Amino acid sequence: MSVQLAYLVAALCFLLALKGLSTPRFARAGNLLGAAGMALAVVTAFLHGAVHNGPWILVAIALGTVVGIPAARSVKMTAIPQMVALFNGVGGAAAALVALAEFHDGGELLFRVATVLTVLIGAVSFSGSLVTFAKLQEIMTTRPVVLPAGRVLSIGVVVVSLGLAVAVLVTSSTALLVALTVAGLLLGIAFVLPVGGADVPIAISLLNAFTGLAVAASGYVLANTLLIVAGTLVGASGTLLTRMMAQAMGRPLGNILFGAFTATVARAHGEESRTVRSGTVEDVAILLGYAHSIVIVPGYGLAVAQAQHAARELVTLLENRGISVSYGIHPVAGRMPGHMNVLLAEADVPYEQLRELDDVNPGMTSTDVALVVGANDVVNPGARDDPASPIFGMPIFDVDRARAVVFMKRSMRPGFAGIDNELLYNTKTTMLFGDAKESLTKLLAAVKQL
């Protein structure tokens with residue numbers, strides 16, 4: 001099989017993988033097909049370049065295997081977004097380093113343009129992804145970080161980066177290309193620092209699209225058709241995903257990425273006049289056991305506690321008592337799109353029980369109990385009612401319109417967006433504090449006793 005034919009087969013595998021990943025039924029097969037295409041591409045590249053660079057390629061494969069396999073196996077479901085951010089950053093860095101290594105004086109204009117784009121976009125993706133990793137891992141604050149004169153500094157870095165890019169195109173200077181790399185790293189940091197809270201996963205998706213563009217440009221630098229195809233697919237899919245996530249948040253992408261520069265301070269509420277109604281497991285068991293319809297809204301707390309199996313057992317028990325139960329799945333619940341879908345699929349929850357916003361909200365007023373398990377921002381009424389809220393405009397589950405609300409949380413700490421939730425103080429709401437898995441297990445036992 002020729003090199004180009006092998007690359008064509010690998011590209012077809014990538015296309016079919018994306019098609020399979022678009023539906024739950026074929027997602028696993030699509031993932032395996034994509035992995036097979038990547039394996040074929042790596043083997044082909046190795047055999048094609050083994051004559052001159054075989055030892056280096058083997059060293060790179062060995063290092064990647066030694067680092068990648070243990071890292072992937074040790075990562076919990078709740079930390080996958082951080083891993084995606086980190087791996088995405090490494091991809092951007094790899095593309096930038098390849099372009100730096102391949103750059104030489106006297107190259108044609110299109111070669112220089114591709115090199116400049118690869119270096120700049122790859123550097124932005126690398127440093128920006130490291131910042132998103134730090135935010136999701138809570139190494140640094142998850143809230144937006146606006147430096148003094150942050151807008152001026154960001155614009156200045158953009159201007160310097162564009163100036164250096166033009167200078168490299170004109171002079172073919174390697175020193176200026178290195179300076180452009182540094183400017184790109186600074187630009188990535190300045191780009192992501194003002195993004196915080198529930199907007200961080202959207203920034204990761206956009207940076208993923210950036211990495212795809214960098215890889216596509218590096219494909220031109222290396223005269224590698226497969227890199228151009230694969231990078232274009234990643235760039236296009238990342239762009240579409242970013243757009244869909246922004247729509248799910250109910251805000252323009254520009255507001256998500258740059259809103260911190262113009263955000264106003266949210267109104268403070270007097271803590272002394274606010275009360276929370278806390279209930280016992282037995283209270284909540286009675287509320288659930290004698291309801292007719294229940295909507296469960298899972299969130300990051302369910303994932304942290306690995307409580308999906310306990311939730312499934314409780315739902316099965318309630319359904320055996322003739323109670324209608326469904327799951328309300330918000331598109332940005334958790335830390336990445338589809339987080340809750342994957343989590344509940346692990347517990348063999350029927351896909352038909354997973355319902356979206358447009359299906360759940362119209363019937364919320366006739367729902368007896370809304371059970372919120374570890375979610376927060378996606379049920380915050382401030383997104384609907386408070387123009388001063390940082391998440392105002394984000395579509396939410398209107399659980400406050402149900403006849404009763406049970407809110408399961410570890411504590412009164414705010415959600416990932418870092419803002420208070422008025423639902424906690426609603427007179428309809430009963431708080432059940434504790435680990436989600438332990439609380440659901442106790443609820444299961446209590447409902448059995450009814």
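Visitor: Why is Ala223 called exposed?

Guide: Ala223 has a relative accessible area of 69%. Exposed means over 50%, buried under 20%, and partly exposed in between (1.4 Å probe, protein chains only). By that rule Ala223 is exposed. This is a predicted model, in which local features need pLDDT of at least 70 and side-chain atom pairs count only at pLDDT 80 or more, while totals for chains, interfaces and linings use all residues. Residues are numbered from 1 along each chain as its sequence is written, and side-chain values use heavy atoms, with hydrogens and water left out.

Visitor: Where is Ala223, and what is its phi?

Guide: Ala223 sits in the loop between helix 7 and helix 8 (225-249). Helices (H or I, at least four residues) and strands (E, at least two) are DSSP runs, numbered from the N terminus. The phi of Ala223 is near 55°, a positive value in a residue other than glycine. Asp348 also has a positive phi, of about 60°, and is not a glycine. Asp348 lies in the loop between helix 13 (339-346) and strand 3 (354-355), and its relative accessibility of 59% makes it exposed.

Visitor: What makes Phe191 and Phe210 an aromatic pair, and why is the pair called tilted?

Guide: Rings of Phe, Tyr and Trp (its six-membered ring) pair if their centres lie within 6.5 Å; planes under 30 degrees apart count as stacked, over 60 as edge-to-face and the rest as tilted. For Phe191 and Phe210 the centres are 6.0 Å apart and the planes are at 40°.

Visitor: How is the packing of helix 4 on helix 6 described?

Guide: Helix 4 (residues 109-136) and helix 6 (residues 174-192) pack at an angle of about 35°, with their axes 7 Å apart. Axes are lines fitted to C-alpha atoms, for helices over the stretch in contact, and angles run from 0 to 180 degrees between N-to-C directions.

Visitor: Why is Ser127 called buried, and what does it touch?

Guide: Ser127, found in helix 4, has a relative accessible area of 6%, which puts it in the buried class. Apart from neighbours within four places in sequence, Ser127 is in contact with Gly184, Leu185, Gly188 and Ile189. Ser127 and Ala190 are 63 residues apart in sequence and 9.3 Å apart in space, C-alpha to C-alpha.

Visitor: What makes Asn88 buried?

Guide: Asn88 lies in helix 3 (residues 80-102). Its relative accessible area is 7%, so Asn88 is buried. Leaving aside neighbours within four places in sequence, Asn88 contacts Ser125, Ser129, Leu207, Asn208 and Thr211.

Visitor: Why is Val3 called partly exposed?

Guide: Val3, in helix 1 (residues 3-21), has 23% relative accessibility, which falls in the class between buried and exposed. Beyond neighbours within four places in sequence, Val3 is in contact with Thr44 and His48.

Visitor: What makes a nonpolar core, and which residues touch the most other members of the largest one?

Guide: A nonpolar core is a set of buried Ala, Val, Leu, Ile, Met, Phe, Trp, Tyr and Cys residues joined through side-chain atoms within 4.5 Å. The largest has 40 residues, of which Leu288, Ile294, Leu440 and Leu443 touch the most other members. A second, separate core of 26 residues includes Met364, Ile396, Phe397 and Ala402.

Key:
Contact = heavy atoms within 4.5 Å.
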